[in-house]
Amino acid sequence: MQYTLPLVPFDRMASLHQRLLAVFGPPADFVRLDAVSQMVLAMLSARTRNEAALSVFARLVEHFEVAKFRGSWTRLAEASFHEIDPLLEGITHPERKAVALPRALQEIASLSGGLSLDFLHGWPVDDALSWLERIYGVGPKTSTATLNMSTLRKRVLVVDTAHWRAARCLGLIPGQTTPERSVRLLNRQVPDQWGAADTEQHHILMQELGRNFCARKNRTACPFTRVCAHGDSGPAPRRDRLLEEFLHAPARGSGKGKKTSPIRLLGGEAENLNQDRSTAAPMAQSSMAPAASLWLRSEAAS
């Protein structure tokens, strides 16, 4: 499994990234969790909106006293299906996730000797992805999110459903590509010079395009309407040429300023969840509240 293949001379993804920045502005910073906590959040968010996943995540943190035990998810790993399932109300496939969450944590503890993924910090990305995807319930989206968006901050591109929709509409991947396969195909297009912060930012921008336009079929207002295939599985070469011609043309507009995140985790000390913090410094300086006061506030996206 290789996610870092060389690119053709014209770098479509890098050019597209600049257009996305011009349209949406740079993404807001966010609270960065330790890798195990990020894995739990990524599993909850599968096929689920961020707001709902974050709300359930906060519920689990409080119920299993994760902050009290300095970031340990041991109580969730030991919990029964009947204890977990009611806590997952509001997310997609709660019954599956009530089985997958404790089993995944148990397997991590069994394979690594503890409930921490910090040992992956020094691993090559491909090896770390392979190790994570051995865990029950952990697929390409969850494994990449665990490595890139946690304190591990590894150079790998996360692709969720919204990102996948946008990539299909733009012709970055064939229309019939599955979400799982799209993770591999899009990671092969990542520019060689990009680091973890670039892949993270690109995912958030593509996610915004997919949610605001592709998922809503809002073609008239879409800033990429000239090249949008609208999810059609028509001939890819023509769409590729259209996209490259579009990206070669001068960008219009001056872009937007940095946005306020529509979802904020508010409150006190990040250390209450991040017991086994990686040596990688978090991008965001904001913090996570203790379980007793962890709460979420949603705002309209700017």
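Start with Arg-32 and Glu-200, whose side chains meet in a salt bridge with N and O 2.7 Å apart. A salt bridge here is a side-chain nitrogen of Lys or Arg within 4 Å of a carboxyl oxygen of Asp or Glu. Arg-32 sits in the loop between helix H1 (12-24) and helix H2 (35-45), while Glu-200 belongs to helix H11, so this pair ties together parts that are 168 residues apart in sequence. Helices (H or I, at least four residues) and strands (E, at least two) are DSSP runs, numbered from the N terminus. Both partners, Arg-32 and Glu-200, are buried. That word has a cut-off: buried means under 20% relative accessible area, exposed means over 50%, and partly exposed is in between (1.4 Å probe, protein chains only).

Before going on, keep in mind that this is a predicted model, where local features need pLDDT of at least 70, side-chain atom pairs count only at pLDDT 80 or more, and totals for chains, interfaces and linings use all residues. Residues are numbered from 1 along each chain as its sequence is written, and side-chain values use heavy atoms, with hydrogens and water left out.

The structure holds six salt bridges. Here are three of them, with their N to O distances.

| Salt bridge | N to O distance |
|---|---|
| Arg-32 and Glu-200 | 2.7 Å |
| Arg-184 and Glu-133 | 2.9 Å |
| Lys-68 and Glu-65 | 3.5 Å |

What does the bridge between Arg-184 and Glu-133 tie together? Arg-184 lies in helix H10 (residues 179-187) and Glu-133 in the loop between H7 and helix H8 (140-148), so the pair joins parts that are 51 residues apart in sequence. Arg-184 counts as buried at 16% relative accessibility, whereas Glu-133, at 22%, counts as partly exposed. Salt bridges that share partners also join Glu-65, Lys-68 and Arg-75 into one network.

**Rings meeting rings**

Now for the aromatic side chains. Rings of Phe, Tyr and Trp (its six-membered ring) pair if their centres lie within 6.5 Å; planes under 30 degrees apart count as stacked, over 60 as edge-to-face and the rest as tilted. By this rule there are five aromatic pairs. One of them joins Phe-119 and Trp-131, edge-to-face, with 5.1 Å from centre to centre and 80 degrees between the planes. Phe-119 is in the loop between helix H6 (94-112) and helix H7 (125-132), and Trp-131 is in helix H7, so the pair ties together parts that are 12 residues apart in sequence. Is Phe-119 buried or partly exposed? Phe-119 is partly exposed, at 31% relative accessible area, while Trp-131 counts as buried at 8%.

Phe-224 and Phe-246 make another pair: their ring centres are 5.7 Å apart and their planes are at 65 degrees, so this pair is edge-to-face too. It links distant parts of the chain, with Phe-224 in the loop between helix H11 (196-214) and helix H12 (236-248) and Phe-246 in helix H12, 22 residues apart. Phe-224 and Phe-246 are both buried.

Arg-19 lies over the face of Phe-246, 4.7 Å from the ring centre. Likewise, Arg-103 lies over the face of Tyr-136, at 3.8 Å from the ring centre.

**A covered helix**

Take a look at helix H9 (residues 161-170). It is mostly covered, with nine of its 10 residues buried; among them are His-163, Trp-164, Arg-168 and Cys-169. Asp-160 caps the N-terminal end of H9, where a side-chain oxygen lies 3.3 Å from the backbone nitrogen of Ala-162. After H9 comes Gly-171, whose phi is positive, near 85 degrees.

**The whole chain**

Stepping back, the protein has 12 helices and two strands. Along the sequence they follow the pattern α-α-α-α-α-α-α-α-α-α-α-α-β-β. Buried residues make up 51% of the 302 residues. Finally, with contact meaning heavy atoms within 4.5 Å, 71% of the contacts between residues at least 6 apart in sequence join residues at least 24 apart.

Technical notes:
A charge sits over a ring if NZ of Lys or CZ of Arg is within 6 Å of the ring centre and within 35 degrees of the ring normal. A polar contact is a pair of N or O atoms within 3.5 Å; within protein, one must be able to donate a hydrogen and the other to accept it, and residues adjacent in sequence count only if both atoms are side-chain atoms.
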